Each structure stands twice: as structure tokens, then as C-alpha cells.
Amino acid sequence: MQKIISLCKRRGFVFPSSEIYGGFSSCYDFGPLGVEMKNNIKKAWWEEMIRNHENIVGLDAAILMSPKVWQASGHLTAGFADLLVECKSCHKRFRLDEIANPKSEIRNPKCPECGGQLTEPRKFNLMMKTLVGPVEEEAATTYLRAETCQGIFMNYENVLNSMRLKIPFGIAQIGKSFRNEITTKNFVFRIREFEQMEMEWFCHPKEAEKYFDYWKKERLNWYLNLGIKKDNLRLREVPKEERPHYAKETVDIEYKFPFGWGELEAINNRGDFDLSNHSKNSGKDLRYVDEQTKERYFPYIIETSGGIDRSFLAILCDAHQEIKGGRTKTTKAVKEIEVLLKLDKKIAPIKVAILPLVKNKPELVKKAREVYQLLKPHFVCQYDELGSIGRRYRRMDEVGTITSVTCDFQTLEDNAVTLRDRDSMKQIRVEISTLKDTIQKILEGEEFLKLGKPIK
Ligand code: ATP
């Protein structure tokens with residue numbers, strides 16, 4: 001895990017928040033490569049949900065909502081709280097379920113840090129409070145949302161009517177959520193400000209089981225299609241005592257992280273918990289009326305609730321490879337450990353590297369910069385002229401760049417460049433006039449060696 005964390009810092013994926021002040025409370029900032037990669041994950045999810053399904057629409061609701069929403073949703077009461085214990089000696093705080101298995105015989109666990117005695121467990125609410133309004137004394141207290149889906153429930157009727165939808169249909173949303181987690185650890189796996197990608201599927205109660213099953217399979221396939229290894233993914237039926245307060249049934253999609261299995265996404269059957277509670281509390285009847293049968297009912301909701309930061313971490317862990325001695329047989333590389341980030345073509349932050357063979361030949365540099373300008377509007381590109389060509393290839397492999405374009409002396413004569421494939425390290429010669437289309441085909445998954453003249 002330490003290797004991933006240091007790669008993220010060194011190569012501009014993730015930085016600790018407010019680092020010059022010593023960091024802040026398990027918050028992280030995504031750097032230039034991190035934001036590209038995160039955007040690619042979001043795009044892949046959005047395309048899968050909205051473009052590949054006929055009856056799912058998007059939404060972007062505000063983070064701040066009336067506190068009444070959180071009262072009705074059960075988040076301000078016992079439902080959304082963890083059991084917290086504090087060490088009487090070192091005063092560190094822990095989530096009880098992380099240091100003691102409630103079903104095991106272990107009673108009175110000791111502090112995992114210093115072995116000291118712990119206090120009795122008490123409920124700790126995870127909602128983050130904030131004040132809204134210009135005068136502090138008169139300001140309304142509300143909360144930063146702890147899940148994005150409440151914004152979807154608030155807009156259920158607006159979306160239904162404005163888009164003239166019929167059940168079954170879904171509303172999908174990506175956005176920030178906040179939880180005052182008791183213990184934060186494992187890098188961006190458990191943080192206090194994170195991003196969720198949630199889809200709420202509204203259906204007839206009699207069809208809820210069928211759709212629960214459908215979404216469970218669909219979502220697992222999505223992770224497999226992003227190139228995550230099958231052996232590192234599993235579905236886990238969540239037992240009743242561990243389920244969230246709103247769920248009738250939950251299955252988690254888990255990834256085998258270096259620190260153990262951890263949840264990437266929860267598929268929940270929320271029943272009619274949300275719409276019936278919001279109807280009761282707001283006085284607004286949110287039941288659906290079937291125009292044909294005239295049946296009036298609260299739709300059941302099947303939810304797919306994934307975390308972008310956790311997907312990001314899982315994808316990085318899964319793609320990360322270390323090759324002792326390096327993949328090339330040059331004497332220098334033999335001593336080194338080579339890092340290869342075998343990211344999926346859709347997810348890799350940089351698609352193309354543009355490299356002049358050497359940097360001290362102005363005509364070569366000029367040509368390479370022309371190629372860079374040509375490709376830059378179409379792909380995320382990086383221009384690099386520092387160091388030997390071998391080192392530059394390795395720098396690109398380390399961040400998962402799909403292909404590298406090298407301009408050499410021959411380029412000045414034949415207007416062709418060398419393209420190198422990240423995974424096979426094979427090379428082809430391609431004319432600059434067809435370069436953009438060739439790279440497009442590479443990104444679409446066409447066979448690399450067939451796209452140009454192979455170089456031995
Ligand atoms: P956990 O049991 O790990 O605390 P959870 O069951 O509380 O997670 P959900 O409420 O089901 O999580 O949230 C849905 C998704 O949101 C999770 O699968 C995860 O990907 C993401 N998520 C939740 N909490 C965090 C967090 N603190 N940091 C990063 N991602 C999170």
C-alpha cells in the first residue's frame with residue numbers, strides 16, 4: 001500500500017490536503033493525473049448508466065438541503081451512528097466494530113495502540129453540521145449530505161413529471177458526500193469528504209427482487225469491464241445486523257485491497273423506506289399512480305451506491321506491477337525495479353506521450369512540439385524531453401500512459417514517427433498525417449501491430 005501512496009504523491013495523483021500546514025483530518029487533494037483518472041472513472045460510470053440504459057436520467061442536486069430531509073431519512077437519529085470507544089490512557093478513539101467482533105467471545109477489548117482500558121461504547125453520529133445564513137446566532141443548522149441519494153428522493157416527483165417517465169426508471173447522480181468518520185485509514189479508502197456515484201431505481205414492489213438481482217450482476221460486470229481482475233472482486237451478502245437502517249437487503253461488491261477485502265459499492269433494496277418517510281414528514285403524497293391499472297403505491301427503490309475514491313484506489317492497486325530487473329535487457333535497467341501501471345485505456349490519465357529522441361537538436365524538438373500541438377486538442381498528452389529515451393518510456397509506463405510517440409532523425413525526412421505500446425513495448429512506424437486516427441484506433445482497442453509498419 002505504501003508503494004501506491006508514494007507513487008500517487010510522486011507522480012501527481014493524490015496529495016495530502018493542506019500539506020504545508022501538516023495535512024488535515026484525512027482529506028486528500030487529487031493532483032493533475034488524479035483528477036484526469038477520476039474524471040475518466042466518472043465518465044465511464046455516467047456512460048454506462050445514462051447512455052447504455054434507456055430509462056435512466058441524470059441529476060445534480062445541491063449538497064446543502066433542509067435539515068428536515070435528514071430528520072426524515074433517519075440520519076440524525078440512531079440509524080446513522082457508529083459505536084465509539086475512547087482509550088482512558090491515550091485518549092485515542094476507535095469504532096467498536098473495528099477492534100472487536102460483536103459476535104465473538106471477546107469482551108472488554110483493550111486499546112489497540114497502548115493496551116489501555118476503553119470507555120463504554122457510545123453512539124457517535126457521522127453527519128457534519130454546518131451553519132447556513134449570514135448571522136451566526138440566527139443561522140439555520142443543517143448538514144453536509146452524507147449520501148447523495150437524498151437529493152434524488154427530494155427530486156423524485158420533479159424528475160418524474162418533467163421527464164414524463166414511467167416506472168421502472170432510474171435517476172443517477174455523482175457528487176460529494178461527507179461523513180465524520182471516527183477512524184480514517186488506508187489512504188483514500190476511508191476519508192471524510194468523498195465522492196459517490198449513486199443510481200436509484202424506482203420499481204413496482206413485486207419487481208424489486210428481480211431488479212436487485214439484475215443490478216447486482218450489472219454492477220459487478222462494470223468493474224470487470226474496467227479491467228479489474230476477477231479474483232480480486234467478490235459479492236458479499238450483508239447480514240441483517242450490519243445493514244444500513246434503510247435496507248431490506250444489501251449486497252456489497254468488494255475488492256481485495258492490500259489491507260484486505262473492502263467495500264467498493266453497495267447494492268441496496270431500500271424498499272419504500274425513503275418515499276414513505278418523506279411523504280409522512282413533508283405531507284406530500286409521493287405515491288406513484290399507474291395510469292393503466294390506477295394502482296397507487298410507493299415504488300420500491302433498488303440502489304447502486306459506489307464510491308469514486310475507492311474505485312480509484314482499487315483500480316490503481318489492481319493495475320500496479322513491479323518488474324524486478326526491468327522489462328528491457330539493458331545493463332542499467334537490470335539493477336532496477338520497473339513499475340508498470342496497466343490501466344485500462346478508458347481510465348489511464350495520459351493517453352499519449354510525445355518525445356523528441358534527444359533534446360539538443362532544435363529541429364527535432366521543433367518537430368516534436370508540432371506533433372504535440374497536433375494531438376493535444378484530441379487526447380490528454382504529455383510532452384517530455386528530459387533524460388534518456390529509455391528512462392522517459394519508463395516514466396510513462398509508471399503512470400500507465402497508453403502509447404508514446406517518438407520523433408527521431410528519420411522523422412525529419414519521412415514525416416513518420418515511432419509509436420510504442422505500453423504493455424507489449426512493441427513499436428510501429430506511422431505517418432504523421434494518419435497519427436491522430438491511428439491513436440484513436442489504439443484507444444478503441446484495435447490490434448497495435450496492425451496499425452502501422454512494425455519495427456523489429
Ligand atoms: P463502510 O462500511 O466501509 O463504512 P458504508 O457501508 O458506510 O461503508 P455506504 O453507506 O454503503 O458505505 O456508501 C456507499 C459507498 O460510498 C461505499 O461503498 C463507498 O464506496 C463509499 N464510501 C462510503 N464512506 C466512504 C468514506 N468514508 N470514504 C470513501 N468512500 C466512502
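A: A helix is a DSSP run of H or I of at least four residues, and helices are numbered from the N terminus. The model shown here is predicted. Helix α12 covers residues 389-398, and it is followed by Gly400, whose phi is positive, near 80°.

Q: Which residues of helix α12 are buried?

A: In general, an α-helix has 3.6 residues a turn, so residues three or four places apart point the same way. In α12, the buried residues are Arg392, Tyr393, Arg394, Met396, Asp397 and Glu398.

Q: How is a pair of aromatic rings described?

A: Such a pair is described by the distance of the centres and the angle of the planes. This structure holds 16 aromatic pairs. In one of them, Phe169 and Phe202 are stacked, at 5.2 Å centre to centre with 25° between the planes. The pair links distant parts of the chain, for Phe169 belongs to strand β9 (residues 169-178) and Phe202 to strand β10 (residues 193-203), 33 residues apart.

Q: Why does Phe202 count as buried?

A: Buried means under 20% relative accessible area. Phe202 counts as buried because its relative accessibility is 0%; Phe169 is likewise buried, with a relative accessible area of 0%.

Q: Why is the pair of Tyr288 and Tyr297 edge-to-face?

A: Planes over 60 degrees apart count as edge-to-face. The planes of Tyr288 and Tyr297 lie at 65°, with the ring centres 5.7 Å apart, so this pair is edge-to-face. Tyr288 counts as buried at 8% relative accessibility, as does Tyr297 at 7%.

Q: Where does the charged end of Arg270 sit?

A: The charged end of Arg270 sits over the ring of Tyr246, 3.6 Å from its centre. Lys38 lies over the face of Phe30, at 3.8 Å from the ring centre.

Note on methods:
Residues are numbered from 1 along each chain as its sequence is written. This is a predicted model: local features need pLDDT of at least 70, side-chain atom pairs count only at pLDDT 80 or more; totals for chains, interfaces and linings use all residues. Side-chain values use heavy atoms; hydrogens and water are left out. Buried means under 20% relative accessible area, exposed over 50%, partly exposed in between (1.4 Å probe, protein chains only). Helices (H or I, at least four residues) and strands (E, at least two) are DSSP runs, numbered from the N terminus. Rings of Phe, Tyr and Trp (its six-membered ring) pair if their centres lie within 6.5 Å; planes under 30 degrees apart count as stacked, over 60 as edge-to-face and the rest as tilted. A charge sits over a ring if NZ of Lys or CZ of Arg is within 6 Å of the ring centre and within 35 degrees of the ring normal.
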